[in-house]
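Let me put the sequence and the structure up on the screen, and then I'll walk you through a few parts of it.

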Amino acid sequence: QVIKCKAAVLWEANKPFSIEEVEVAPPKEHEVRVKIVATGICRSDDHVTTGTLVMPFPIILGHEAAGVVESVGQGVTAVKPGDKVIPLFVPQCGECQNCLNTKGNLCSKTDLGTSGGLMADGTSRFTCKGKAIHHFLGTSTFTEYTVLHESAVAKIDSAAPPEKVCLIGCGFSTGYGAALQTAKVEPGSTCAVFGLGGVGLSVIIGCKVAGASRIIAVDINSDKFAKAKELGATDCINPKDFNKPIHEVLTEMTGGGVDYSFEVIGRTDTMTAALACCQHNYGVSVIVGVPPAAQKITFDPMLLFTGRSWKGSVFGGWKSKDVVPKLVADYMKKKFVLDPLITHTLPFTKINEGFDLLRTGK
């Protein structure tokens, strides 16, 4: 039956979240209803509130979470009630061109780029004050209960702590995979990471695990340097400390440019700077930050002609359903840490305070 619960509804852009009572419909065929236990706040959620990422309103945001299956619809075989799961904003249907290709991970069932905000059948499972509320990226985790397609849930180790492994639902996997899966950083290489939020720090963890000998962290907020060093950065630089372009600083520091650079902010100017700072012939630059809507990049094509590669990476290039349970298992085996990525833990009703902390770089 219908569940009534609390959810953070965003009624329109540039307004705070409103904690409302919503009705969550039961799961339909091949759908799963999940009780959300923990959810992270990601800059991509904030991009919707500011209009940088265009989505329909009203909407329930959130896409980085862990929870427990409450009920399943007809035909669901992958999970059962009581299973601990992580929602997947990049699903894995196993049937589309990208899922079938070993190189691809961006399942065609994803809501990224389509901005539909509805389930596969074109309807919503959320109602509030008699109005249908849109889903976000097929996940919508800023609610006590949500409904997902079965291709968008990964069953994980029941002993895993949800308040930590929820980060594997987006931020950690995105950064860690950008280094290990998309760039395939090699031992002894030199890396530059632009942006030291949770995802940027996860890139640093990935570069370190891959055996990079030098990891240069770049951010205009020097308060973030101590944590970057703790996680493996060898150098930290603030572009504000120099009166020349940051790509020139990095090229000089490394005697010709870095092997791998990562843009983990979502700004067009830093994307071109990250491309320009990598080695002119074999450097690889990866765009990890969500690009702003309606903005274009203009750059000198000679940057690519000499041999550099420019790549994008969504969810770290991982096939979500296959890899999320493995990453959780690796965390349980202490192959990497998640604690340093968690700065604050707040009750759900203080979600607006959480976003204020994000926006002030805390």
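Let's start with helix H8, residues 268–276. Of its 9 residues, 8 are buried, so this helix is largely enclosed by the rest of the structure. Keep in mind that we are looking at a predicted model. The buried ones are Thr268, Thr270, Met271, Thr272, Ala273, Ala274, Leu275 and Ala276.

Next, a pair of helices. Two packed helices are described by the angle between their axes and the distance between the axes. For H4 (residues 171–182) and H5 (residues 198–209), the axes come within 7 Å and cross at roughly 40°. Oblique means an angle that is neither roughly parallel, under 35 degrees, nor roughly perpendicular, 65 to 115, and H4 and H5 are therefore oblique to each other. The crossing of H4 past H5 is right-handed. On the H4 side, the contact is made by Gly171, Phe172, Thr174, Gly175, Tyr176, Ala179 and Leu180, and H5 brings Val199, Ser202, Val203, Ile205, Gly206, Cys207 and Val209. If you like to think in residue classes, that contact has 9 nonpolar and 5 polar residues, with no charged ones.

Now over to a sheet. It is an open one of 5 strands, in the order S8-S3-S4-S5-S9, and the pairing is antiparallel. At the edges sit S8 (145–149) and S9 (153–155), each pairing on one side only. On average, neighbouring strands here are turned by 45° against each other, ignoring direction.

Zooming in on this sheet, S4 (residues 65–72) and S5 (residues 84–87) run antiparallel and are joined by 2 bridges. Which residue of S5 is the bridge partner of Gly67? That would be Val85. There is also a helix to look at here: H10, residues 320–332, lies across S5 and S9, running at about 40° to S9.

Last stop, the strand S1, residues 3–9. Is S1 mostly covered or mostly open? Mostly covered, with 5 of its 7 residues buried. S1 pairs with S2 (residues 18–24) in the antiparallel sense, over 7 bridges. Within that pairing, Cys5 stands opposite Val22 in S2.

That's my tour, so over to you for discussion.

Key. Residues numbered from 1 in each chain as written. Predicted model: local features only at pLDDT ≥ 70, side-chain atom pairs only at ≥ 80, totals over all residues. Heavy atoms only, no water. Buried < 20%, exposed > 50% of the residue type's maximum accessible area, 1.4 Å probe, protein only. Helix = DSSP H or I, 4+ residues; strand = E, 2+ residues; numbered from the N terminus. Pairing = 2+ DSSP bridges. Axes fitted to C-alpha atoms, helices over the stretch in contact; angles between N-to-C directions. Contact = heavy atoms within 4.5 Å. Parallel < 35°, antiparallel > 145°, perpendicular 65-115°, else oblique. Left-handed = near helix turned anticlockwise from the far one by under 90°. Nonpolar A, V, L, I, M, F, W, Y, C, P; charged D, E, K, R; others polar.
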